[in-house]
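Please look over the sequence and structure shown below before reading on. The briefing that follows takes the two chains in turn and then turns to selected elements.

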Amino acid sequence: MTSQKADVGQQLTLWGDATEVKEVKAPPEPESKRTKTRSKADGPETEAKARQAASPATTQQQFTYPFNIRYAAEILQLTGFVDGQPYTSDQIKEVLVQNGFTEFQDVQPDFHHNAATNTLVITIRGSRKGG
Amino acid sequence: MVKISGDALWQVQAMFKATYVEEQSEDRVLIYQNATGDLALYRPRMSRSVVHVECDVQLTVIKDGQEWDLIADLHSHHIMGGDWSPIDDANERLRGILFGLFSWKEGHDVWLFRRWNGQTYEPVMYNEVVAIG
């Protein structure tokens, strides 16, 4: 990590993940895969199994209310949570959207608990840019 | 509105140019701020190519017991040039965050900035967010 004084009185820090950047280029699909069509043997059961393998059921971490949620440097004032009730990430996202935070509607937020402040902090998974 | 130092932005655009020259890919940098106003530039783990970049974005980072909040999300374009793409539009809808786009396709450095207000994008002028000298 390196630090230097920036020109507006801010302490500027560079966090050192630069060397951990990974470049991922999708390998070309094999010809056999690209041209594969479903055979008559691929019934609904086969399809269901394939779907299950592609998206295995995962157990979401749960967080028991009360907790704070931090977003844009603020602790959000939210309604809809019940004391003592555990909430999954999907349920927390739903409460956020119901409270007008529609920016979380079409993204996949993950929540991590900061025990020191009893605060959930948010990570947006798979945020994409392109041009 | 928080101002980013010209020094910090220069480091970011130098990194963006280096990434394109060395790897022909886009790049992305996140800027965080703590309670005392210090800034941190963070280049997250990402997948990238000449036309896209993708990563997880932590809106708050806990580091050494301090909370650092995301204040800016900057990325580069090299093929498309200095304009927001539809993918950008779909992924830049967090209120309170400054979104920045850097391009040098046309032979000179171009920075564009904007914010999402919950309904639409508001363009932000360079001198509103960058402190020079």
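What share of the contacts in chain A with a separation of 6 or more comes from residues 24 or more positions apart? The share is 28%, where two residues are in contact if their C-beta atoms, placed from the backbone, lie within 7 Å. This is a predicted model, in which local features need pLDDT of at least 70 and side-chain atom pairs count only at pLDDT 80 or more, while totals for chains, interfaces and linings use all residues. Residues are numbered from 1 along each chain as its sequence is written, and chains are lettered from A and ligands numbered from 1 in the order in which they are written.

**Chain A**
- Chain A holds three helices and eight strands, with helices (H or I, at least four residues) and strands (E, at least two) taken as DSSP runs numbered from the N terminus.
- From the N terminus, the order of these elements is β-β-α-α-β-β-β-β-α-β-β.
- Of its 131 residues, 18% count as buried, a residue being buried if 20 or more other C-beta atoms lie within 10 Å of its own, exposed if 12 or fewer, and partly exposed in between, with C-beta atoms placed from the backbone.

**Chain B overall**
- Chain B has three helices and 11 strands, which follow the pattern β-α-β-β-β-β-β-β-α-β-β-β-α-β along the sequence.
- Its radius of gyration is 14 Å, close to the 14 Å that the globule rule gives for 133 residues, so chain B is as compact as a globular protein of that length; the radius is taken over C-alpha atoms, and the rule is 2.2 Å times the number of residues to the power 0.38.
- Buried residues make up 40% of the 133 residues in chain B, and residues 24 or more positions apart account for 57% of its contacts with a separation of 6 or more.

**Helix α1 of chain B**
- The buried residues of α1(B) are B:Ala8, B:Leu9, B:Val12, B:Gln13, B:Met15, B:Phe16 and B:Thr19.
- Seen down the helix axis, these buried residues of α1(B) fall within an arc of 150°, so they line one face; the arc is that of the directions from the helix axis to the C-beta atoms.
- On the other side of α1(B), the exposed residues include B:Trp10, B:Ala14 and B:Glu22.

- B:Ile62 has B:Glu67 as its bridge partner in β7(B).
- Two residues lie between β6(B) and β7(B) in this hairpin, and B:Asp64 in the turn has a positive phi of about 50°.

Conventions: Two strands pair if DSSP finds at least two bridges between them.
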